[in-house]
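Please read the sequence alongside the structure shown here, and follow the paragraphs below from one part to the next.

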Amino acid sequence: MPIKLPSFRPRKDAYPPDMWMKCPSCEEMLFNKQLDKILRVCPSCGHHFRLSAAMRLEHLIDHGSFRERDAGLQSVDPLGFVDQKSYPDRVTAAQLATGMRDAAVWGTGTIEGRHVAICVMDFGFMGGSMGAVVGEKVARAAEAATYERIPLIIVSASGGARMQEGTLALMQLAKTVGAIERLRAAGVPYISLLSDPTTGGVFASFAVIGDVNIAEPNALIGFAGARVTAGTIAQELPEGFQRAEFLFDHGYVDRVVHRTDLRAELGLLLRYLVPRTIDHAGDLDGPVTPSFRPLSFLSALADRVIPEVEEEPNGRGEAGRGAPGRGAATPAEVDRG
Amino acid sequence: MVDRLRGRGRESAVTTAEAPADPKTAVWDRVQLARNIRRPRTLELLAPMAEDFIEIHGDRAFGDDPAMVAGFARIAGRRVVVVGQQKGADTEENIQRNFGMPHPEGYRKAMRAMELAERFGLPVVSFVDVPGAHPGPESEERGIAESIARSVGLMTRLRTPIVAVITGEGGSGGALAIAVGDVVVALENAVYSVISPEGCAAILWRTADEAPTAALAMKMTAADQQALGVVDVVVPEPGEGAHTDHEETARRLREVIVERLDALALVPLDLLVEERYRRYRNLGAYTEVAQPAVAPPERPGFADRLRNLLDPGRWAGVQLPGPGRGREEPPAREEV
């Protein structure tokens with residue numbers, strides 16, 4: 001261990017720069033550690049700061065129940081894209097800055113004791129942009145939810161499709177929406193949670209078509225960026241344009257929910273939105289999943305009797321739910337609707 | 001087998017004209033050709049291509065969008081439903097047609113037409129030529145994102161064959177909303193991109209002047225898109241480009257469309273829809289590496305501490321960072 005010599009720095013440098021921050025809404029100085037404890041909501045004005053995927057999961061999912069899946073998905077550079085930096089360099093930089101492999105994490109866990117598949121995006125990773133990895137994770141989450149018959153929750157925080165992957169990123173819109181269409185056909189609920197910001201190709205695909213759309217207060221949610229709108233059409237933008245409340249007023253968001261109430265609201269919704277039972281799904285499931293599963297009534301009973309479902313024994317889902325799909329053929333064969 | 005039926009993977013004879021020395025200029029020339037005001041749009045292509053065409057109007061919810069055309073057509077004796085964007089051929093018509101940028105009601109009209117196609121067993125042919133969906137406030141108020149997502153969703157599950165043709169500009173979500181098909185055809189000088197080159201340059205290069213550079217980097221030409229697997233067939237254009245000869249362009253397109261429609265008609269619907277889902281499911285490049293980068297986001301409880309004691313190192317994943325604060329990085333995203 002090298003000996004640390006005393007350094008003579010100006011006093012203000014002695015503090016880490018990210019120790020304090022100013023609330024952009026009410027200009028109150030906030031202590032970051034304190035802010036983390038109160039879910040990064042400004043205590044004086046209620047401004048919702050952005051959450052990292054890890055913090056979001058910690059907040060929403062029952063403690064210790066989250067099991068990440070497909071953590072090893074990694075972007076490649078299909079176009080050889082170089083702007084001021086090359087695309088692989090940007091990905092590496094974002095990975096080092098966030099400790100994530102790409103802009104989304106998905107896995108299974110419980111919310112107030114109810115099993116869900118959850119996919120969370122992180123705006124800190126290249127603006128939460130959707131490339132092949134994010135698209136793949138959303139699609140796998142939807143397919144696994146369809147196959148395992150557990151509700152799907154997606155927390156969006158994204159600027160849109162990832163330009164560096166070109167039209168392949170655009171095709172993720174079709175990929176994710178297609179997977180969610182199958183989820184709908186199979187009668188499995190999907191709750192979309194829109195956080196600040198959700199724009200572009202992410203808003204115009206899976207984020208907007210939730211069975212229930214929930215937004216955080218004052219979150220920026222819209223299709224076209226303000227600069228694009230201003231550049232394309234010379235028009236005055238209305239007050240509060242593209243904010244959660246604007247979407248609520250125009251009927252595209254069901255509820256605008258404060259972060260502290262989010263978990264309870266999701267828990268309540270999950271009590272109403274229960275995946276349609278296999279028998280009713282009928283031929284949607286084809287011959288792959290037998291309509292009678294031995295012991296399945298036990299878990300259904302357990303759900304009803306015991307509110308808290310215990311942790312899954314391993315990260316790959318319960319044995320009774322069948323092997324989860326690894327992207328390839330299995331889940332899709334289930335619902336040939 | 002289906003691939004062979006649809007001729008996927010077959011090399012199409014693309015006659016690349018004598019390429020200018022600078023690839024950037026070559027790509028930019030194509031972008032300009034794709035945007036040429038005399039380029040044939042849906043109606044100009046249908047006039048020589050179809051024996052008859054009857055247009056339908058209105059989305060039954062708000063109004064009729066002149067930037068989107070939908071209707072029934074007979075192409076070489078085959079009844080089809082046609083949807084497509086329509087730019088104007090001059091400034092006056094462009095204003096009337098919103099420069100070919102559809103509002104939500106346009107996409108909802110297209111969905112209505114496609115649902116009719118499914119119900120009456122008619123195949124769908126779509127013609128895509130759009131700078132992007134209309135980005136204005138009234139568009140947002142009426143749910144442009146929702147209409148695009150629903151339209152994409154409808155096309156992924158539509159139980160009838162779909163042939164999508166990119167005829168000019170394939171501009172982002174506004175294009176994809178009617179371009180999800182069993183077969184995607186593109187004219188030689190058509191372009192397809194996730195964001196306009198100007199928008200991409202403004203974000204990544206911080207100046208719209210770098211648009212040709214962005215166009216090159218995004219690999220947006222029809223031939224590049226074919227190499228990526230986004231486009232299946234590239235149809236060569238006559239002479240200097242499609243704008244010089246509408247009839248010949250329509251004739252060449254009709255040949256390809258009819259051939260594909262006939263091949264798709266042989267595929268059972270279940271297989272057709274499954275194959276279409278697979279087509280989009282498989283687009284996008286990624287790898288899978290073994291170990292996860294993100295540690296499970298949980299505070300060490302008693303069990304974890306015990307586990308750490310017994311098996312140290314296994315759970316000592318990457319340090320979880322705090323939420324993003326002050327990261328200096330240009331937004332890596334599209335904004336259209």
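Which residues does Met114(B) touch, not counting residues up to four places away in sequence? Met114(B) touches Val81(B), Val83(B), Val124(B), Leu154(B), Met155(B) and Leu158(B), where two residues are in contact if their C-beta atoms, placed from the backbone, lie within 7 Å. This is a predicted model, in which local features need pLDDT of at least 70 and side-chain atom pairs count only at pLDDT 80 or more, while totals for chains, interfaces and linings use all residues. Residues are numbered from 1 along each chain as its sequence is written, and chains are lettered from A and ligands numbered from 1 in the order in which they are written.

Met114(B) is also among the residues with the most contacts inside the largest nonpolar core, which has 175 residues; such a core is a set of buried Ala, Val, Leu, Ile, Met, Phe, Trp, Tyr and Cys residues joined through C-beta atoms within 7 Å. A residue is buried if 20 or more other C-beta atoms lie within 10 Å of its own, exposed if 12 or fewer, and partly exposed in between.

Helix α9 of chain B, residues 197–204, is largely enclosed by the rest of the structure, because seven of its eight residues are buried; helices (H or I, at least four residues) and strands (E, at least two) are DSSP runs, numbered from the N terminus. Just after α9(B), Arg206(B) takes a positive phi of about 65°.

Between the chains, 71 residues of chain B are in contact with 90 residues of chain A, and α7(B) gives the most to that side of chain B, with ten residues.
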